[in-house]
Amino acid sequence: MPDRSPNPSKRPAGVLLDALGTTVQLDPPAPPLARALGVELDERLRDAVRAEMRHYRAHAIDARDESSLAALRERCAEIVADGIGRPVSVDQLMAAISFRAYEDAGPALERLRAAGIRTACVSNWDIALPRVLARAGLADLFDVVITSAEAGAAKPDPAPFEIALARLGLEPSEVIHVGDTEAEDLAGARAAGIEALLIERMDAESRSAGSIASLTELADRLAAAGPDPGF
């Protein structure tokens, strides 16, 4: 991948960030679910959880209000139950799904705010994302939270990015987007005319050219940049 990292001599007025894989991580749900159900943690359960996650990713955009969110969660619980051949309640499934902030996320967002940079979370997620971010301790550090469910379109569609720009009151040239996928984050941001930066939380030898390993690295780059918006 070509090096598309932002010009370090200029500081953006806004930073858009993805959620999963960028600011928050998912703790493996199969182990706590097995404990809650009193069953063995075997491949059958793991496969059922993977099937549930695939279904969720494909249908998160449909959960646009509390009713449709409840329906999605019911279907996800049914998928796990079908996979393991025993009942699984929504409460049991949801209790097993836990997101937490990456250690660098909160400090980096605080540094961006201190530098006068506005922030938005732009993610393919259902409408419950603000609650997830609140439990992870990040909700108050974002000026705007935009989900694919709210936008009615999922990244790489540019619509979620365009809504974020409108809410922030900024132009595409004034922001940068950071995410962990080329197909959704980089492609979607660039379709909206926004520069994009890939975050790859792995060793340097495995990372793509121009990517960053942490949000600390992002904050360091922007702290060293000049105040002019754009890239």
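Helices (H or I, at least four residues) and strands (E, at least two) are DSSP runs, numbered from the N terminus. The structure is a predicted model, in which local features require pLDDT of at least 70 and side-chain atom pairs count only at pLDDT 80 or more, whereas totals for chains, interfaces and linings use all residues. Residues are numbered from 1 along each chain as its sequence is written, and side-chain values use heavy atoms, with hydrogens and water left out.

Helix 2 (residues 43–59) packs against helix 3 (residues 66–84) at an angle of about 155 degrees, their axes lying 8 Å apart; axes are lines fitted to C-alpha atoms, for helices over the stretch in contact, and angles run from 0 to 180 degrees between N-to-C directions. Helix 2 is therefore roughly antiparallel to helix 3, a class assigned to angles over 145 degrees, with those under 35 counting as roughly parallel, 65 to 115 as roughly perpendicular and the rest as oblique. The contact (heavy atoms within 4.5 Å) involves residues of helix 2 including Leu45, Ala48, His55 and Tyr56, and residues of helix 3 including Leu72, Cys76, Ile79 and Val80. The crossing of helix 2 and helix 3 is right-handed; this applies if the near helix is turned clockwise from the far one by less than a right angle, and left-handed if anticlockwise.

Helix 5 contributes Ala105, Ala108, Arg111 and Leu112 to the contact, while helix 10 contributes Leu215, Thr216, Ala219, Asp220, Leu222 and Ala223.

Five strands form an open parallel sheet in the order 5-4-1-6-7, where two strands pair if DSSP finds at least two bridges between them. Strand 5 (144–147) and strand 7 (195–198) stand at the edges with a single partner strand each, so one side of each is left without a neighbour in the sheet. Neighbouring strands are turned against each other by 20 degrees on average, direction ignored. Strand 4 (residues 118–123) pairs with strand 5 in the parallel sense over four bridges, and cysteine 121 has valine 145 of strand 5 as its bridge partner. Helix 8 (residues 159–168) packs on the sheet, touching strand 1 (14–17), strand 4, strand 5 and strand 6 (175–179), and its direction makes about 155 degrees with that of strand 4. Helix 10 (residues 215–223) lies across strand 1, strand 6 and strand 7, running at about 170 degrees to strand 1.

A nonpolar core is a set of buried Ala, Val, Leu, Ile, Met, Phe, Trp, Tyr and Cys residues joined through side-chain atoms within 4.5 Å; buried means under 20% relative accessible area, exposed over 50% and partly exposed in between (1.4 Å probe, protein chains only). The largest such core has 28 residues, of which Val15, Leu17, Leu138, Val178, Leu215 and Leu218 touch the most other members. At least two residues of this core come from each of strand 1, helix 5 (105–114), helix 6 (129–135), strand 6 and helix 10. Leucine 218 touches Val15, Leu17, Val178, Leu197 and Ile212, not counting residues up to four places away in sequence. Another core, of 20 residues, lies apart from the largest one and includes Ala30, Ala48, Ala63 and Val90.

Proline 156 lies in the loop between helix 7 (148–151) and helix 8, and the peptide bond from lysine 155 to proline 156 is cis, with omega near 20 degrees.
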